[in-house]
Amino acid sequence: MKLLTHFSRVLVGILFIISGLIKLNDPIGFSFKLEEYFGANVLNLEFLIPYALALAVVIVIFEVVLGVMLLVGYKKTFTVWSLLLMILFFTFLTFYSAYFNKVTDCGCFGDALKLTPWQSFTKDVVLLFFIIILFINKKHIKRIFGRVATNVVVYASLVLCGLFGYYVLNHLPAIDFRAYKVGTNIKEGMAIPEGAPKPVYEMVFLYKVNGVEKEFTDKELDKIPADAEFIDRKDKVIVEGYVPPIHDFTIEKDGEDFTEAMLEEPKLALIISYDLNKASDEGLAKMEAFAKKAQQAGYKVIGMTASDETLIAQKKQQHKLSFDYYFCDATTLKTIERGNPSIVLLEKGTITGKAHWKDSEYIQLK
């Protein structure tokens with residue numbers, strides 16, 4: 001049991017540190033995932049949505065520090081209790097997501113490693129098994145350093161996590177694991193390879209039978225009673241086909257699609273604000289100066305947002321913005337950049353530079 005406890009201690013500690021650091025690298029991305037969970041269609045905790053970012057930062061820092069505490073043997077009773085409660089909560093969350101198909105990616109490892117809901121649940125069950133071993137055998141968890149050195153390691157990890165979190169929140173993730181990282185060609189990212197698996201659909205018919213709504217597949221049409229009332233027909237995905245890394249990128253204006261034309265531009269600067277209502281006023285104020293600088297360097301400059309025309313007009317007037325805004329889905333814009341606003345430079349569809357609005361004066365314009 002002592003050997004198994006030591007193995008569990010190392011495994012759980014390292015996994016918590018890695019998982020926490022990946023999410024701490026992109027706490028805004030993790031906060032978007034929390035907002036999904038808090039939504040009305042999932043946990044119905046919408047009152048927590050305004051606090052999603054603060055909760056995301058606290059959770060990921062606590063996750064990393066817990067892993068450190070376990071490895072060095074700091075306050076073992078508090079540590080194993082915290083690990084147990086946290087993994088029980090995560091296990092419930094991933095089971096709920098998987099069983100009810102509510103959130104398709106738990107965000108356990110951010111964008112670095114995508115797991116299906118059932119894979120996430122399985123991972124948490126395995127972790128729960130090893131944490132229970134630690135809980136039962138916590139007497140075998142000893143400090144690996146003296147008391148002072150152990151305290152220094154734990155508090156240093158807390159301070160370093162805080163500093164790292166502060167940095168990425170005010171700039172961009174230190175490591176970009178997303179599909180829109182620098183060097184990516186968006187057109188190539190949207191392409192579907194020849195021979196790629198195609199989705200398989202099944203037609204489902206909804207009928208009202210004796211006052212009760214029932215579903216029938218296209219293979220069960222002979223079972224539909226003659227007096228049944230037809231309500232609707234929908235296509236159900238049986239087998240997921242190949243989904244390209246970039247599958248929802250569009251540049252639209254006034255109902256017209258400019259995506260292909262914009263991705264052919266030799267020099268294109270995108271000023272991204274997924275929601276102009278939530279965009280930093282200080283950041284928007286700096287965007288006009290950047291736009292003029294970029295235009296002098298030969299760039300075509302456009303804004304991209306999911307906001308409506310009324311809000312766009314209001315913000316353009318408020319900050320005296322001369323560039324036009326084009327529409328793109330908010331989820332896509334959140335994926336492209338975390339700052340609101342942010343800057344993305346393209347050369348014929350290839351991303352050559354990205355910057356948070358606080359770093360707009362440092363971005364290199366070729």
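Hi everyone, let me start at one residue: Asp324 is partly exposed, at a relative accessible area of 37%. Partly exposed here is the range between buried, under 20% relative accessible area, and exposed, over 50% (1.4 Å probe, protein chains only). The side chain of Asp324 meets that of Lys316 in a salt bridge, 3.3 Å from N to O. By salt bridge I mean a side-chain nitrogen of Lys or Arg within 4 Å of a carboxyl oxygen of Asp or Glu.

Before going on, a word on what we are looking at. This is a predicted model, where local features need pLDDT of at least 70 and side-chain atom pairs count only at pLDDT 80 or more, while totals for chains, interfaces and linings use all residues. Residues are numbered from 1 along each chain as its sequence is written, and side-chain values use heavy atoms, with hydrogens and water left out.

Now the overall picture. The protein has 11 helices and 10 strands; these are DSSP runs numbered from the N terminus, with helices being H or I of at least four residues and strands being E of at least two. The C-alpha trace spans about 70 × 65 × 45 Å along its principal axes. Of the 366 residues, 46% count as buried. Taking contacts between residues at least 6 apart in sequence, 71% join residues at least 24 apart, where contact means heavy atoms within 4.5 Å.

Back to charges. How many salt bridges does a search of the whole structure find? It finds 15. One of them joins Asp26 and Arg338, at 2.6 Å from N to O. Asp26 lies in the loop between helix 1 (2-24) and helix 2, and Arg338 in the loop between helix 11 and strand 9, so this pair ties together parts that are 312 residues apart in sequence. Asp26 is buried, with a relative accessible area of 10%, and Arg338 is buried with 10% as well.

Another one is between Asp176 and Lys354, with the closest N and O atoms 3.0 Å apart. Asp176 is in the loop between helix 6 and helix 7 and Lys354 is in strand 10 (residues 350-356), so here the parts tied together are 178 residues apart in sequence. Lys354 is buried, at 15%. Asp176 and Lys354 also belong to a network of salt bridges with Arg178 and Glu337.

His171 and Ala355 are 184 residues apart in sequence, yet 7.4 Å apart in space, C-alpha to C-alpha. Leaving aside neighbours within four places in sequence, His171 is in contact with His356 and Asp359.

Next, a charge without a bridge. Glu288, in helix 9 (residues 281-296), is buried yet has no salt bridge, and the nearest side chain of opposite charge, Lys292, is 4.2 Å away. For charge, Lys and Arg count as positive and Asp and Glu as negative, with His and the chain ends not counted. Not counting residues up to four places away in sequence, Glu288 touches His319, Lys320, Leu321, Ser322 and Phe323.

Lys320 has a backbone detail too: its phi is near 55°, a positive value in a residue other than glycine. Lys320 sits in the loop between helix 10 (309-319) and strand 8 (325-327) and counts as exposed at 66%. Lys75 has a positive phi as well, near 45°, and lies in the loop between helix 3 (52-72) and helix 4 (76-100). Then there is the peptide bond from Asn340 to Pro341, which is cis, with omega near 10°. For context, most residues other than glycine have a negative phi, and most peptide bonds are trans.

On to the rings. The structure holds 18 aromatic pairs. Rings of Phe, Tyr and Trp (its six-membered ring) pair if their centres lie within 6.5 Å; planes under 30 degrees apart are stacked, over 60 edge-to-face and the rest tilted. Phe32 and Tyr274 form an edge-to-face pair, 5.8 Å centre to centre with 80° between the planes. Phe32 is in helix 2 (residues 27-38) and Tyr274 in the loop between strand 6 (268-273) and helix 9, so the pair ties together parts that are 242 residues apart in sequence. Ring pairs also link Phe92, Phe95, Tyr96, Tyr99, Phe100, Trp118 and Phe121 into a cluster.
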